[in-house]
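Hi,

Here is the structure I promised to hand over. Please open it and keep it beside you as you read on.

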Amino acid sequence: MEVSGSERPVAPAQRAGAPAGEQWRTAFYISLAAVIASILALLVVLVARINSGGGGGRVQFALTGSPSPTVATAAANGTATPVPGRATVEPPTPASTAARDLVVACGDILAPVDKQHVLARDCAPSDLQLLPVAVSAGGDQLLRAEAAAALIDMVAAAAKGGIAVFAISSYRSYDQQVTTFQQNVDSGGLAYAERTSARAGHSEHQLGTTTDLTSASAHFGLEGFAGTAEAMWVSDNSWKYGFIVSYPAGSEAVTGYAYEPWHVRYVGKDVARMVHDSGLTLHEYLLRR
């Protein structure tokens, strides 16, 4: 039976003469429900604010509270490649960085490639060739023809002095550098990655004239190369064969990268000699051309 407006039941606490204890309990439950509703509303606002934060190095979460794997590909294309099962950190790209980046010519072996000068995503040298197994470690290594010939000469000269060095990481495409940078973020954090690895498009490896060197005394790795007889030989002699150590000791404030005695870039014998004689880093020399 439908109840008319005047005949609807009245809550017990509203009835005249309802017991005081019953009125207190009803008011308490109403207040408690209001507090809980306010807390839930606040949580929804906070979660929404986290999810709307975008990049900036923040980890994003879905409303369910589970990690949302949102990152990390090249800042240049603004896309994100999910990594199943974990949240990843998207390296922030300040707006000012994009504004000052200068695209350099893909085929220019003297193009400055650093944190302000970038290679196009599709930049890939046309004369890449496979290095001989005798001068390689860690799988197939590719360099441009001129750089490959110079490296073979340098390795042969080093061997005559009892020094054995091998190329361990040479040409990398833009997309390979996306992965390399993310691996450094994963292993050491964003600040570590920024010091030890270039963002995609900003890596000298994409030129096809750059390689990382290793040796048996470094256990065919990179970090162990510093301080070895092989590293000393490369520092003293690589310029004679057209190579320059791009990130020498004590130059991080200039180059933006930590000391890497294994990272050499081919620029030709004449230019390498001039860089060596100038006392400048390769970074500084190329910017003064």
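**Salt bridges and a buried strand**

Asp 277 and Arg 273 lie 4 residues apart in helix H8 (residues 269–278), so about one helical turn separates them. Their side chains form a salt bridge, 3.9 Å from N to O. Asp 277 is exposed, at 52% relative accessible area. Arg 273 is partly exposed, at 38%.

Bear in mind that this is a predicted model. The salt bridge count comes to 8. Two others among them are described here.

Asp 127 and Arg 144 meet through their side chains in a salt bridge, 2.9 Å from N to O. This pair links distant parts of the chain, 17 residues apart. Asp 127 sits in the loop between strand S2 (117–118) and strand S3 (128–130), while Arg 144 belongs to strand S4 (residues 142–144). Asp 127 is partly exposed, with 27% relative accessibility. Arg 144 has 19%, and because buried means under 20%, Arg 144 counts as buried.

Arg 195 forms a salt bridge with Glu 252, and their closest N and O atoms are 2.6 Å apart. Again the pair links distant parts of the chain: Arg 195 is in helix H5 (residues 190–196), Glu 252 in helix H7 (residues 252–255), 57 residues apart. Arg 195 is partly exposed at 37% relative accessibility. Glu 252 is partly exposed too, at 29%.

Now for the strand. In S7 (residues 243–247), 5 of the 5 residues are buried, so the rest of the structure largely encloses this strand. S7 runs antiparallel to strand S8 (residues 260–266), and 4 bridges join the two. Ile 244 stands opposite Arg 265 in S8.

Best wishes

Key:
Residues are numbered from 1 along each chain as its sequence is written. This is a predicted model: local features need pLDDT of at least 70, side-chain atom pairs count only at pLDDT 80 or more; totals for chains, interfaces and linings use all residues. Side-chain values use heavy atoms; hydrogens and water are left out. Buried means under 20% relative accessible area, exposed over 50%, partly exposed in between (1.4 Å probe, protein chains only). Two strands pair if DSSP finds at least two bridges between them. A salt bridge is a side-chain nitrogen of Lys or Arg within 4 Å of a carboxyl oxygen of Asp or Glu.
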